[in-house]
Amino acid sequence: MNLLTVFAKFPDQESCVEHLENMRWGDEPICPHCGSRHVAGKQENNRVGRWNCHSCKSSFNVLSGSIFEKTKIPLQKWFLAIALMVNAKKSLSSCQLARDLEMKQKAAWFMQQRIRAAMLTNEGRLLQGIIEADETYVGGKPCKNNNSNNTRNKRGRGTQKTPVIGAVERGDAVVAKVMQRLNSKGILAFLKDHVDPEGSLLITDEYRAYNAAKAVYASATINHTVRYVDGDTHTNTIEGFWSLLKRAWYGSHHHYSPKWMPFYIAEGNWKYNQRKNQNAFGAFLRECFQ
């Protein structure tokens with residue numbers, strides 16, 4: 001959904017609340033605290049969509065228990081922020097979002113992190129089929145220095161960059177996760193959590209830490225010192241995902257703290273997995289209430 005559609009469909013707070021109520025409850029509101037249907041509308045000045053529960057005596061609205069709970073930012077701005085983030089293939093910075101929505105940078109960053117948190121909690125099925133697994137390192141200094149001697153900074157292992165591991169099912173979903181260490185034990189645990197060993201072919205590069213997975217998964221290895229593609233044996237799909245992930249860091253964000261980096265990785269995961277969905281905006285709103 002683009003910005004013009006958001007403005008036309010959700011011109012005010014009332015239209016946003018009505019849309020979320022229809023999405024979450026349909027025609028019958030339910031108390032998010034006790035699950036009771038014995039509720040009634042509550043009239044308050046300048047506050048729409050308030051309800052009273054006659055069972056647990058609590059007051060609530062459709063935002064309760066969601067990323068929008070207790071927000072003072074108009075829902076239209078939330079919807080615009082979601083649309084901008086979903087449509088930004090290489091993400092966008094909080095400074096850019098603040099300029100677009102005429103708000104402070106800290107408020108824009110807060111919104112983005114809540115949106116990314118909702119993307120982080122999205123758990124899909126186990127990957128199956130031809131699975132490409134690979135690792136990368138995010139952060140640090142650019143590979144090439146901007147100085148006269150044209151020296152290059154070290155890449156990958158042995159640097160202070162943050163290790164990330166990922167697996168992608170060809171033609172379908174990807175999953176990536178920040179790791180403390182990319183050793184055999186950690187990689188095998190990641191694969192067992194996200195890749196179905198039944199009916200799957202695991203394709204990796206020659207990194208020795210993947211050897212432990214060969215006892216669990218049917219596997220094939222591509223030696224990048226010799227070639228990058230050998231028929232159907234390659235890791236180009238996951239490499240393409242890494243390029244998008246790093247472009248978001250290099251072009252928009254420039255720095256990830258260890259605390260928040262999983263949220264940025266989650267955004268990349270979610271948008272890649274929704275790349276074929278023509279209504280990714282609606283899909284995200286539905287996931288906020290699941």
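The following questions and answers concern a predicted model.

Reader: Does S64 count as buried or exposed?
Author: S64 lies in the loop that runs between β3 (59-60) and α3 (75-87). Leaving aside residues up to four places away in sequence, S64 touches R24, P32 and E69. Buried means under 20% relative accessible area. Because its relative accessibility is 8%, S64 counts as buried.

Reader: Which residues in α5 meet α3?
Author: The crossing of the two helices, α3 and α5, is right-handed. On the α3 side, the contact involves K77, W78, A81, I82 and M85. Their counterparts in α5 are F110, M111, Q112, R114, I115 and R116.

Reader: Is the ring pair of W25 and W51 stacked or edge-to-face?
Author: W25 sits in the loop between α2 (13-24) and β1 (39-44), and W51 in strand β2 (residues 47-53), 26 residues apart. Both residues, W25 and W51, are buried. Their ring centres are 6.4 Å apart and the planes stand at 85°, so the pair is edge-to-face.

Reader: Is the ring pair of Y256 and Y264 stacked or edge-to-face?
Author: Y256 and Y264 are both buried. Their ring centres lie 4.3 Å apart, with the planes at 20°, so the pair is stacked.

Key. Residues numbered from 1 in each chain as written. Predicted model: local features only at pLDDT ≥ 70, side-chain atom pairs only at ≥ 80, totals over all residues. Heavy atoms only, no water. Helix = DSSP H or I, 4+ residues; strand = E, 2+ residues; numbered from the N terminus. Buried < 20%, exposed > 50% of the residue type's maximum accessible area, 1.4 Å probe, protein only. Contact = heavy atoms within 4.5 Å. Left-handed = near helix turned anticlockwise from the far one by under 90°. Phe/Tyr/Trp six-rings, centres within 6.5 Å; stacked < 30°, edge-to-face > 60°.
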